[in-house]
Amino acid sequence: ERLDQSEYDTLLNIARSIFQRDVLTPIRRAACIPEHFVGRQEFENIDYRRMPSLCRHIHGGAVFRARDQERYDEFIKNAALAKIKRRVQGNHKIRQDPRVNA
């Protein structure tokens, strides 16, 4: 017996929900995808190192800093220090090795 469109749509939605619940959600949790924790309002579980920079730029202050200020500010501070450290080390290596400019 062939399903009519309404029955087909209902079954498709059920299958999509089961796939989301039983497959995608555990994968996203295991992968520490920030969006998974944002949707559940579990900001304390977000690993800011895994967050795309554009997401941080757009939502950083309004979403993450407002709900997880201490951890978010600590991440931003450490990220800025690491960037400065990389620049300083990079400049030091160039000056130290005369073959680079030869």
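This is a predicted model: local features need pLDDT of at least 70, side-chain atom pairs count only at pLDDT 80 or more; totals for chains, interfaces and linings use all residues.
**Exercise 1. Compare with threonine 25**

Threonine 25 also needs a place. Which helix holds threonine 25, is threonine 25 buried or exposed, and which residues does it touch beyond four places in sequence?

*Solution.* 
- Step 1. Threonine 25 lies in helix H1, residues 5-30.
- Step 2. Its relative accessible area is 16%. The cut-off for buried is under 20%, so threonine 25 is buried.
- Step 3. Leaving out residues up to four places away, threonine 25 touches Gln20, His36 and Arg40.

**Exercise 2. Read the overall fold**

How many helices and strands does the protein chain have, and what share of its residues is buried?

*Solution.* 
- Step 1. The chain has four helices and zero strands. From the N terminus, the order is α-α-α-α.
- Step 2. Of the 102 residues, 18% count as buried.
- Step 3. The accessible surface is about 8400 Å², and carbon and sulfur atoms hold 54% of it.

**Exercise 3. Find the core**

Which residues make up the largest nonpolar core, and which element gives the most to it?

*Solution.* 
- Step 1. The core has ten residues: Phe37, Phe43, Ile46, Tyr48, Met51, Cys55, Val63, Phe64, Tyr72 and Phe75.
- Step 2. Helix H3 (53-67) and helix H4 (69-96) each give two or more residues.
- Step 3. H3 gives the most, with three residues.

**Exercise 4. Classify two ring pairs**

Five aromatic pairs occur in the whole structure. Classify the pair of tyrosine 48 and tyrosine 72, then the pair of tyrosine 48 and phenylalanine 75.

*Solution.* 
- Step 1. The rings of tyrosine 48 and tyrosine 72 are 5.3 Å centre to centre, with 75 degrees between the planes. Over 60 degrees counts as edge-to-face, and this pair is edge-to-face.
- Step 2. Tyrosine 48 is in the loop between helix H2 (34-39) and H3, and tyrosine 72 is in helix H4, 24 residues apart.
- Step 3. Tyrosine 48 and phenylalanine 75 have ring centres 5.9 Å apart and planes at 35 degrees, so this pair is tilted.
- Step 4. Phenylalanine 75 lies in helix H4, so its pair with tyrosine 48 ties together parts 27 residues apart in sequence.
- Step 5. Ring pairs join Phe43, Tyr48, Phe64, Tyr72 and Phe75 into a cluster.

How values were computed:
Residues are numbered from 1 along each chain as its sequence is written. Side-chain values use heavy atoms; hydrogens and water are left out. A nonpolar core is a set of buried Ala, Val, Leu, Ile, Met, Phe, Trp, Tyr and Cys residues joined through side-chain atoms within 4.5 Å. Buried means under 20% relative accessible area, exposed over 50%, partly exposed in between (1.4 Å probe, protein chains only). Accessible areas come from the Shrake-Rupley method with a 1.4 Å probe; for residues, only the protein chains shown count as cover. Contact means heavy atoms within 4.5 Å. Rings of Phe, Tyr and Trp (its six-membered ring) pair if their centres lie within 6.5 Å; planes under 30 degrees apart count as stacked, over 60 as edge-to-face and the rest as tilted.
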